Amino acid sequence: MANLFSKVITHIKFLFQEFQVKRFFAIALVGFLVLTTSLNSSIDSGRSSDAVTRRLDRVVHQDDADRPKTTGEWNREARQTEDAPGERAKRIAKESGEAVKQFGSVYPDTAKRSAEDLQDNNR
């Protein structure tokens, strides 16, 4: 009797491997999720995309640095100085200095907290 169960289980395992049932179920599940959630997410994204954009913009511009922070701002500034390469180089140098200064003001605190966490983890 045990031999019969063993043979049946072996045969079922072989069928699962042969037909790749796991892969079929995974694809069916993903398809079901995509088909059932895509309509709702497109409706929601139309309503909330402006709110999300405004919230993200606030987070990006929360510091008082004068340099551009988004790709659109960089492109706008590049168009403004398109015909004046000297002015463009001067702005890039100024903004790079601001970025280094901002990084320099944040780095010591981050390094200190990371070192403390590392020491706590080593105990």
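Lys90 forms a salt bridge with Glu87, their closest N and O atoms lying 3.8 Å apart in what is a predicted model. Because Lys90 and Glu87 are three residues apart in helix H4, about one helical turn separates them. Lys90 is exposed, with a relative accessible area of 55%, whereas Glu87, at 33% relative accessibility, counts as partly exposed.

A second pairing in this helix joins Glu98 to Lys94, with 3.9 Å between the closest N and O atoms, and here the two residues are four apart in helix H4, again about one helical turn. Glu98 counts as buried, since its relative accessibility of 18% falls under the 20% limit. Arg113 pairs with Asp109 at 3.3 Å between the closest N and O atoms, and both residues lie in helix H4, four residues apart, or about one turn of the helix. Arg113, at 46% relative accessibility, counts as partly exposed, and Asp109 is likewise partly exposed at 42%. Salt bridges that share partners also join Glu87, Lys90 and Arg91 into one network, and the count of salt bridges comes to four.

## Shape of helix H4

Helix H4 covers residues 85-122, 38 residues in total, and reaches 52 Å from its first C-alpha to its last, close to the 56 Å expected at 1.5 Å a residue. The helix bends by about 30° at Tyr107, and a proline, Pro108, follows within four residues.

## A nonpolar surface patch

Met1, Leu4, Phe5, Val8, Ile9, Ile12 and Phe16 make a nonpolar surface patch of about 730 Å². Of these residues, Ile12 is placed in helix H1, residues 2-19, and counts as partly exposed at 40% relative accessibility.

Conventions:
Residues are numbered from 1 along each chain as its sequence is written. This is a predicted model: local features need pLDDT of at least 70, side-chain atom pairs count only at pLDDT 80 or more; totals for chains, interfaces and linings use all residues. Side-chain values use heavy atoms; hydrogens and water are left out. The expected span of a helix is 1.5 Å times one less than its number of residues. The bend at a residue is the angle between axes fitted to the seven residues ending there and the seven starting there. Patches are made of residues with over 30% relative accessible area and no salt bridge: like charges are joined within 9 Å, nonpolar side chains (Val, Leu, Ile, Met, Phe, Trp, Tyr) within 5 Å. Accessible areas come from the Shrake-Rupley method with a 1.4 Å probe; for residues, only the protein chains shown count as cover. A salt bridge is a side-chain nitrogen of Lys or Arg within 4 Å of a carboxyl oxygen of Asp or Glu. Buried means under 20% relative accessible area, exposed over 50%, partly exposed in between (1.4 Å probe, protein chains only).
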